[in-house]
Amino acid sequence: MFCARLFVTLSPSMHQLIKLYKEWSGVEPAMAEQLPVAGSNRVYYRMTAQDGSTVVGVIGTSRDENHAFVYLCKHFTKRQLPVPHLLAVSDDELRYLQTDLGSVSLFEAIRGGREAGGRYTLKEQELLRRTIRELPNIQIRGARGLDFSNCYPQAEFDVDSVLFDLNYFKYCFLKATELDFHELKLEADFRLLAKDLTAEKCEAFLYRDFQARNVMLVDGQQPFFIDFQGGRKGPYYYDLASFLWQASAKYPYKLRRELVYEYYHALKQFTEVPTPHHFVARLSLFVLFRILQVLGAYGFRGYFERKQHFLTSIPPAIQNLWELLEVSNFPYPYLTSLLRELTELPQFRQIETTASRSDGYKTTENNPYKPHPQDGPATFSKYDAQGPLVVKVYSFSYRKGIPEDESGNGGGYVFDCRSTHNPGRYEPYKQLTGLDEPVIRFLEDDGEILTFLDSIYKLADAHVRRYIQRGFTSLMFSFGCTGGQHRSVYSAQHLAEHIHEKFGLEVRICHREQNITQTLEAR
């Protein structure tokens with residue numbers, strides 16, 4: 001941090017930036033603080049006035065790159081898109097002032113989920129959804145009326161640019177692994193991939209560097225976009241792949257799928273979209289391309305420049321590649337085969353972490369849950385894999401207490417039927433039970449008990465299915481009402497029959513207050 005009046009300590013470029021600020025505001029800034037350096041060669045300063053208000057001053061070294069940003073920023077502002085506003089630009093366009101969007105980037109806001117290995121809180125997930133819903137706005141609306149000849153370093157995504165990046169992957173990453181490959185066969189598949197990627201013309205703005213670091217959160221929640229000077233005309237799939245398959249983000253499969261869904265439906269608001277099947281197929285091509293592109297960059301920065309951050313980013317990128325190859329069938333047989341070999345190289349296999357060791361506890365493979373690498377294997381429970389499952393269903397009166405669980409497991413579900421319409425209040429049904437046709441007709445004609453049971457069926461199905469997968473032996477459901485005669489009996493009987501019909505398990509029914517027991521044999 002320094003005082004802007006100490007001209008003797010400032011570079012000529014900084015003198016010019018302060019001069020631009022003075023021309024814009026009428027006075028010199030009280031203070032200027034250099035912001036952390038990003039991947040660009042531009043330098044950013046937060047410039048503070050006497051009244052405490054701030055703007056961001058930028059010094060660039062490439063006029064063409066700065067010109068692209070200045071042009072795009074003015075165009076996007078005119079289109080009322082969420083970008084910083086330009087306040088002043090020097091004649092040579094090497095310096096400019098823009099509104100200050102604060103210090104909180106999306107990258108910082110979701111740091112917790114990233115450091116937790118991909119476990120994002122609901123708040124973090126909502127920030128991601130807001131961002132991904134906003135992306136089509138700048139891609140589609142931002143492209144309208146845009147003169148792409150102002151873009152830097154090129155105006156459009158094309159075959160040559162694809163082949164450049166694919167060869168970057170080949171020379172800076174693949175060759176560095178010392179994996180043997182047939183260069184002509186690989187080049188043939190590269191050309192097929194480049195042709196497919198550029199097969200569909202798209203009049204969208206391709207952001208190019210759409211990542212969490214380039215999204216600022218105003219008021220902690222509203223996404224604004226920065227660093228779009230590398231954009232050009234191109235397919236919107238590229239930015240989605242770039243954002244969601246960023247190696248270090250570690251977005252879990254379920255969240256990534258939900259964000260693709262959010263983007264697809266947001267895109268519909270701005271343009272015609274292909275069918276979901278076609279959209280996903282095209283997206284997969286761009287995910288493949290983006291992963292190879294990223295590995296090329298990591299290879300150069302890591303293997304050749306020896307920057308540790310990029311070396312540690314390689315295994316997550318390889319993991320993304322492995323997962324993609326598991327679920328996608330690409331029409332590039334040699335490339336696909338080579339990439340599968342690549343993912344199996346010993347140096348890219350995940351090293352067992354402290355969290356993944358069992359520390360002497362017996363672990364189980366009979367685990368239906370998708371493992372999380374940060375957690376390691378699950379420990380074995382004495383209840384695992386004992387099966388088969390037997391389900392017990394009770395009806396009871398609350399006056400006489402809740403039935404005990406004889407299995408010793410201590411529980412299951414207890415449902416209170418007393419919120420539903422009670423046939424026992426009417427003389428014709430006082431001597432009948434929930435097994436008798438008149439009571440059944442009363443309850444089903446009223447309909448309240450059906451709505452009540454519909455939610456219970458969903459809950460019970462999920463629980464029973466999971467208990468079967470884990471090999472548990474006992475599960476208990478109990479239904480209580482005032483007398484244990486009408487509503488609870490009807491509910492217990494119908495849940496028991498539902499479970500037996502759907503899963504074929506042995507189900508034991510006990511209508512305790514009626515002294516009625518029944519066993520539905522396992523199929």
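This is a predicted model: local features need pLDDT of at least 70, side-chain atom pairs count only at pLDDT 80 or more; totals for chains, interfaces and linings use all residues.
Which residues point one way from strand 10, and which point the other way? V390, K392, Y394 and F396 point one way. V391, V393, S395 and S397 point the other way, and all are buried. Residues are numbered from 1 along each chain as its sequence is written, and side-chain values use heavy atoms, with hydrogens and water left out.

**View 1. Strand 10 and its two parallel partners.** Strands (E, at least two residues) and helices (H or I, at least four) are DSSP runs, numbered from the N terminus. Buried means under 20% relative accessible area, exposed means over 50%, and partly exposed lies in between (1.4 Å probe, protein chains only). Two strands pair if DSSP finds at least two bridges between them. Strand 12 (residues 474-481) runs parallel to strand 10, joined by 8 bridges. There, S395 has F479 as its bridge partner. Strand 13 (residues 506-511) also runs parallel to strand 10, with 6 bridges. In strand 13, R508 stands opposite K392.

**View 2. Helix 15, largely enclosed.** Helix 15 covers residues 487-503. The expected span of a helix is 1.5 Å times one less than its number of residues. For the 17 residues here that gives 24 Å, and the end C-alpha atoms are 24 Å apart, which agrees. Of these 17 residues, 12 are buried, so the helix is largely enclosed by the rest of the structure. Among them are R487, Y490, Q493, H498 and H500. Their cover includes strand 10, strand 12, strand 13 and strand 14, along with helix 13 (437-446) and helix 14 (448-470). Just after the helix, G504 takes a positive phi of about 70 degrees.

**View 3. An aromatic pair, F76 and F205.** Rings of Phe, Tyr and Trp (its six-membered ring) pair if their centres lie within 6.5 Å; planes under 30 degrees apart count as stacked, over 60 as edge-to-face and the rest as tilted. The count of aromatic pairs is 36. One of them joins F76 and F205 edge-to-face, at 5.2 Å centre to centre and 75 degrees between the planes. This pair links distant parts of the chain: F76 is in helix 2 (residues 63-78) and F205 is in strand 6 (residues 204-206), 129 residues apart. Both F76 and F205 are buried. Both also belong to a cluster linked by ring pairs, whose members include F69, Y96, Y120, F225 and Y251.

**View 4. Two charged ends over rings.** A charge sits over a ring if NZ of Lys or CZ of Arg is within 6 Å of the ring centre and within 35 degrees of the ring normal. The charged end of R114 lies over the ring of F107, 3.6 Å from its centre. For R418, the ring is that of Y398, with 3.9 Å to its centre.

**View 5. F279 in the largest nonpolar core.** A nonpolar core is a set of buried Ala, Val, Leu, Ile, Met, Phe, Trp, Tyr and Cys residues joined through side-chain atoms within 4.5 Å. The largest core holds 95 residues, and F279, L288 and L342 touch the most other members. Helix 10 (residues 276-304) gives the most to this core, with 12 residues. A second, separate core of 29 residues includes F442, L443, F452 and V464.

**View 6. The hairpin of strand 7 and strand 8.** Strand 7 (residues 215-218) and strand 8 (residues 222-225) pair in the antiparallel sense, over 4 bridges. V215 stands opposite F225 of strand 8. The hairpin has 3 residues between its strands, and D219 in the turn has a positive phi of about 60 degrees.

View 7. P153 lies in the loop between helix 5 (122-141) and helix 6 (159-174). Is E93 buried or exposed? E93 is buried, with a relative accessible area of 12%. N515 sits in the loop between strand 13 and strand 14 (516-520). At 72% relative accessibility, N515 is exposed.

Methods. Contact means heavy atoms within 4.5 Å.
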